[in-house]
Amino acid sequence: MKIPLVLAVAVAFALLRFLRVNLLVWAAAWWVGIYLLLRFGFTAPIPSSVITIYMGILSIALLAYVSSSEHRRDEVSGPLVRFMTEKRYTALLTATVVAIPALAAANVYVRMNVPVEPPLFSRTVHPASPADITVHDKRIDLDAGANPFRHLETSDPQQFRAHVENGRRVYYQNCVFCHGDNLAGNGMFVHGLDPIPTNFSDKGTIPMLRETFLFWRISKGGPGLPDEGGPWDTAMPSWEKFLKEDEMWDAILFIYDFTASRPRGREEAATK
């Protein structure tokens, strides 16, 4: 945390306590103070979507507190009623009525005109996978390995469809929120992620990748990316903590089946 800002907020609260301000000022001070701490108080920036959620919770909590008794309601409503009814506040009230929509419009304008900037350093979209990984105490060979259920596509189509349908269940229970119901990377949480989730329907994505690569990315998630995969501010979890190995392989089968794509085959290194 940024200690100077924390100390400044603490000093402001101490000053308000010394001045014995009313409950309305205290409520406003808590709202502003918490916002400043969330927005500027951390070295690693907090996503704006998360700040919005926290401030919404704080607003509801403050509203519940100030309305929890008749005395508190009177202490908050009294200054507001005087501000809106007494003639000496007419000019200030007019300025406030004009300022609120003006600030809202300015905020929208600023957000719509944010310049597009490149990342601090280059990001490799598809970083090289390691030769092998360990999932659930089992070594998975990413170079020479393959999806253990892919062969069923020709040897036992009925069993293969069962794995695909299980993968459908896994996807729509766990992945749809970010990757979307049509696998286009447009889920309900997409606006809070950087970079946005992979668009599986794009023919330039998963057809270019082997199934073992996807297994690596699914099982290890964002935390398992190598340095060349950054900067990476993603909510992609390490799904090995929540899913069985078979469920991850089945989800991969479903992704290729849904998008009518074929996984990239294993390529032998050229030898002289």
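Mentor: We may; α1 and α2 are roughly antiparallel to each other, and please bear in mind throughout that this is a predicted model.

Trainee: At roughly what angle do the axes of helix α1 and helix α2 cross?

Mentor: Helix α1 covers residues 3-19 and helix α2 covers residues 23-40. Their axes come within 10 Å of each other. Angles over 145 degrees count as roughly antiparallel, and α1 and α2 are therefore placed in that class. The crossing angle is roughly 175°.

Trainee: How many residues of the contact of α1 with α2 are nonpolar?

Mentor: From α1, the contact draws on Leu 5, Val 6, Val 9, Phe 13, Leu 16 and Arg 17. From α2 come Val 25, Trp 26, Ala 29, Trp 30, Gly 33, Leu 36, Leu 37 and Phe 40. One residue of the contact is polar and one is charged, and the nonpolar ones number 12.

Trainee: What is the relative accessible area of Leu 183, and is Leu 183 buried or exposed?

Mentor: Leu 183 lies in the loop between α8 (176-179) and α9. Leu 183 also has a positive phi, about 65°, without being a glycine. Buried means under 20% relative accessible area. Leu 183 is therefore buried, its relative accessible area being 0%.

Trainee: How are α9 and α10 oriented to each other?

Mentor: Helix α9 (residues 211-220) and helix α10 (residues 245-258) have axes that come within 10 Å and cross at roughly 125°. The crossing is right-handed. The orientation of α9 and α10 to each other is therefore oblique.

Trainee: Which residues of α10 meet α9?

Mentor: The α9 side consists of Glu 211, Thr 212, Leu 214, Phe 215, Ile 218 and Ser 219. The residues of this contact divide into eight nonpolar, two polar and two charged. On the α10 side, the residues are Glu 245, Met 248, Trp 249, Ile 252, Leu 253 and Tyr 256.

Trainee: Which residues does Asn 147 contact, leaving aside its neighbours within four places in sequence?

Mentor: Asn 147 lies in the loop between β2 and α6. Asn 147 is buried, with a relative accessible area of 5%. Its contacts are Glu 211, Trp 249, Ile 252 and Leu 253.

Trainee: With the side chain of which residue does Arg 150 make a polar contact of 2.8 Å?

Mentor: Arg 150 is located in the loop between β2 (138-141) and α6 (152-155), and at 16% relative accessible area Arg 150 is buried. Beyond four places in sequence, Arg 150 touches several residues, including Phe 160, Leu 253, Tyr 256, Arg 262 and Pro 263. Its side chain makes a polar contact of 3.0 Å with that of Glu 153. The side chain joined to Arg 150 at 2.8 Å is that of Glu 211.

Trainee: How many Å apart in space are Thr 94 and Gln 159, C-alpha to C-alpha?

Mentor: Thr 94 lies in helix α5 (residues 90-112) and is partly exposed, with a relative accessible area of 45%. In sequence, Thr 94 and Gln 159 are 65 residues apart. Their C-alpha to C-alpha distance in space is 72 Å.

Methods: Residues numbered from 1 in each chain as written. Predicted model: local features only at pLDDT ≥ 70, side-chain atom pairs only at ≥ 80, totals over all residues. Heavy atoms only, no water. Axes fitted to C-alpha atoms, helices over the stretch in contact; angles between N-to-C directions. Helix = DSSP H or I, 4+ residues; strand = E, 2+ residues; numbered from the N terminus. Parallel < 35°, antiparallel > 145°, perpendicular 65-115°, else oblique. Contact = heavy atoms within 4.5 Å. Nonpolar A, V, L, I, M, F, W, Y, C, P; charged D, E, K, R; others polar. Buried < 20%, exposed > 50% of the residue type's maximum accessible area, 1.4 Å probe, protein only. Polar contact = N/O pair within 3.5 Å; in protein donor to acceptor, adjacent residues only side chain to side chain. Left-handed = near helix turned anticlockwise from the far one by under 90°.
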